[in-house]
Amino acid sequence: MSNELRYERKFVLEDYAINTLDDLDSFLPINFYEKYQPRRINSIYYDTENFQLADDHLNGLMRRFKIRIRYYGKIDKVSSPKLEIKSKFGLVGKKDIFKLSKIDLFKKNFCLSRLVKNLNINIPDLNLLFTLKPKIFISYKRQYCVSECTRFRYTLDNDICFKPVNENTIKNNLNKNMFLKYYPRVLELKYLKSAEIEANSLSRMLPARLTTHSKYCNALEFLGLL
């Protein structure tokens, strides 16, 4: 699904009707299975000096991007890092993923303009990547399940925490210290364009409010950077 245009619907969970993905069975008429074991996701988000990418999201631009370096597992142990470029076109989007060398990542001090030179990236706004700097480190635990028909997948994120980073301090910030907590949990439904009608029905069955939630933008707003 990662290279195809897809919809993403996000729901902020502020009560305890849905604590785990198993609780979805109480609300949805279709069966799911857990695709991965629960795991921690760690992301370093990049933006321009004046936070152009965040502003594009908040202003609802039809065409916008999220750029991040992501790895899974322990916060203080970078393993199999990847560059992820999320492109949004109105309500649909796609994600392109590029493998990175951990050695190269640390050698180049997480500098995106140096890292992308050796990657075969083909996006219209390629020059944008050379203007970006690390801004926020976000970490959370994720549960992940897929419907038996494989048309829908749900993720449930909790224990969300974040802290600001920059190129001068990032190597020393890959640890568990000085994180701020974001307490609501986030449920996300992802599906291809062809499943839009059924996804509307599934969304109405959930005891949660639909939102344009962005962990990155919320972290920036909490820190007073937007």
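Predicted model: local features only at pLDDT ≥ 70, side-chain atom pairs only at ≥ 80, totals over all residues.

Trainee: What makes strand 3 and strand 4 a pair?

Mentor: A pair needs at least two bridges. Strand 3 and strand 4 have eight, so they qualify under that definition. For example, Ile-69 has Leu-83 in strand 4 as its bridge partner, and Arg-70 stands opposite Lys-82 in strand 4.

Trainee: Which strand is joined to strand 3 by six bridges?

Mentor: That's strand 2 (residues 32–47), and strand 2 and strand 3 run antiparallel. Within that pairing, Tyr-45 stands opposite Arg-68 in strand 3.

Trainee: How many bridges join strand 4 to strand 5?

Mentor: Eight, and strand 4 and strand 5 (residues 92–99) run antiparallel too. Ile-85 has Asp-96 as its bridge partner in strand 5. The hairpin of strand 4 and strand 5 has two residues between the strands, and Gly-90 takes a positive phi near 70° there.

Trainee: Why is strand 3 described as largely enclosed?

Mentor: Count the residues: eight of the ten in strand 3 are buried, so the rest of the structure largely encloses that strand.

Trainee: And Arg-63, why is that residue called partly exposed?

Mentor: Arg-63 belongs to strand 3, and its relative accessible area is 33%. Buried would take a value under 20%, and exposed a value over 50%. Since 33% falls in between, Arg-63 is partly exposed. Across from that, the C-alpha atoms of Arg-63 and Gly-90 are separated by 6.3 Å, with the two residues 27 apart along the chain.

Trainee: How far apart in space are Phe-32 and Glu-148?

Mentor: They are 5.6 Å apart, C-alpha to C-alpha, while 116 residues separate them in sequence.

Trainee: Why is Lys-108 called buried?

Mentor: Same test. Lys-108 has a relative accessible area of 12%, and that is under 20%, so the label is buried. Its place is in the loop between helix 2 (102–107) and helix 3 (112–115). Not counting residues up to four places away in sequence, Lys-108 touches Arg-114, Leu-115 and Asn-118.

Trainee: What makes a group of residues a nonpolar core?

Mentor: The largest one here has 29 residues, and Ile-67, Leu-83, Ile-85 and Leu-129 touch the most other members. Strand 2, strand 3, strand 4 and helix 3 each give two or more residues to this core. Strand 3 gives the largest share, four residues.

Trainee: Which residues does Ile-85 touch?

Mentor: Leaving out residues up to four places away in sequence, among them are Phe-65, Ile-67, Phe-98, Ile-121, Ile-123 and Leu-129. There's also a second, separate core of 21 residues, including Leu-28, Ile-30, Leu-156 and Tyr-191.

Trainee: How do you know that strand 9 is mostly covered?

Mentor: Seven of the eight residues in strand 9 (residues 185–192) are buried. Strand 9 pairs in the antiparallel sense with strand 1 (residues 6–13) over eight bridges, and Phe-11 has Leu-187 as its bridge partner there. Strand 9 also pairs with strand 7 (residues 152–164), antiparallel again, over six bridges. In that case, Tyr-191 is the bridge partner of Phe-152.

Trainee: Which residues of helix 5 are buried, and what do they pack against?

Mentor: In helix 5 (residues 215–222), the buried ones are Lys-215, Tyr-216, Cys-217, Ala-219 and Leu-220. These buried residues pack against strand 2, helix 1 (52–58), strand 6 (133–147) and strand 7. Just after helix 5, Gly-224 takes a positive phi of about 75°.

Terms used:
Residues numbered from 1 in each chain as written. Heavy atoms only, no water. Buried < 20%, exposed > 50% of the residue type's maximum accessible area, 1.4 Å probe, protein only. Contact = heavy atoms within 4.5 Å. Core = buried A, V, L, I, M, F, W, Y, C linked by side-chain atoms within 4.5 Å.
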